[in-house]
Every structure is written in structure tokens, then in C-alpha cells.
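Thank you all for coming; I would like to walk you through one structure this morning. Please keep the sequence and the model open while I talk.

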Amino acid sequence: MHDMKLKQAIKGLHPIEFVYHGKRRVVHPYTYGKNQKQHPILSAYQVEGSSSGPLPDWRPFLVAEIKDLWVFSEQTFIPDAPGYNIADLGWNVDGLVLPAGACTWWGLPQTATVYVPKITT
């Protein structure tokens, strides 16, 4: 349901807001793909809203549990959040949606089968 909006937000480096487990979150979306169980998942850097831990910080979100998604299409973020390690998430790397330059930033092999959108300004 939210797949296309999430992918567009990642491609455009747009912050997003949504409700997850009944709590409002504002995040910088970095990666969309499937986890080991093949469930669509978003990895994002949460910058505002409710959280069980300190913010800002990295959070995985099951896409099926995201409600009331809003993309801040007039805003962009610089993808420089500290501490991201794509290997920690156990992604199925085929078909990941990543921001442009992600293979270099996160040390993925350049031969990985990933969808890396080109960002134009």
C-alpha cells in the first residue's frame, strides 16, 4: 500500500511522517527491501516523534504496520546519519531501494543487485 510512496521518498531524500504501533514518527528513510522472512521493511533514521529509546536513532519498520504515511516532498535531508550498517539488518539484497551513491557509502559490492535511483536536481 505504501510501497511506491516510500520508494519515492528514498529516491528524493524526503523526510516522512507516519503512525507506527499507534505512535507518530518522523524519519529519514534510507532503505526499503525485504527482511529474511520476505516481509517489506523500511530502515530509517528516526528524528522526531515517539520512541522507546533516545532519538535520533536507526529503526526498522515493517511496512505493513505503517499507517497514515505523509511524505514531506518539499523538504530533503542529507543522507549522512551516523552508524548505518546495512549488513546488520539481514537484508535480501536483491531489489533493495537505496538512495543514489549508497553502494559506495555503505560498502556494498558494486556488483550487488540493487536498485539505486538516480537523483536529479
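Predicted model: local features only at pLDDT ≥ 70, side-chain atom pairs only at ≥ 80, totals over all residues.

**Strands, cores and rings**

Residues are numbered from 1 along each chain as its sequence is written, and side-chain values use heavy atoms, with hydrogens and water left out.

Helices (H or I, at least four residues) and strands (E, at least two) are DSSP runs numbered from the N terminus, and two strands pair if DSSP finds at least two bridges between them. β1 and β2 pair in the antiparallel sense over five bridges, and nine bridges join β2 to strand β3, residues 40–49, again antiparallel. The hairpin of β1 and β2 has two residues between the strands, and H21 there takes a positive phi near 55°; the hairpin of β2 and β3 has five residues between them, with Q38 in the turn at a positive phi of about 70°.

How much of strand β2 is buried? Nine of the 12 residues of β2, which spans 23–34, are buried, so the strand is largely enclosed by the rest of the structure; buried here means under 20% relative accessible area, with a 1.4 Å probe and protein chains only.

Now to the cores, each a set of buried Ala, Val, Leu, Ile, Met, Phe, Trp, Tyr and Cys residues joined through side-chain atoms within 4.5 Å. The largest has 15 residues, and those with the most contacts inside it are L6, I16, F18, L42, F61 and I66. A second, separate core of six residues includes L13, Y45, W58 and F77.

Finally, the rings: Phe, Tyr and Trp (its six-membered ring) pair if their centres lie within 6.5 Å, and planes under 30 degrees apart count as stacked, over 60 as edge-to-face and the rest as tilted. The structure holds six aromatic pairs, and one of them, Y20 with F61, is edge-to-face at 4.9 Å centre to centre and 85° between the planes. Y20 lies in strand β1 and F61 in strand β4, so this pair ties together parts that are 41 residues apart in sequence. Both Y20 and F61 are buried, and, elsewhere, Y30, Y45, W58 and F77 form one aromatic cluster.

Note on methods: Buried < 20%, exposed > 50% of the residue type's maximum accessible area, 1.4 Å probe, protein only.
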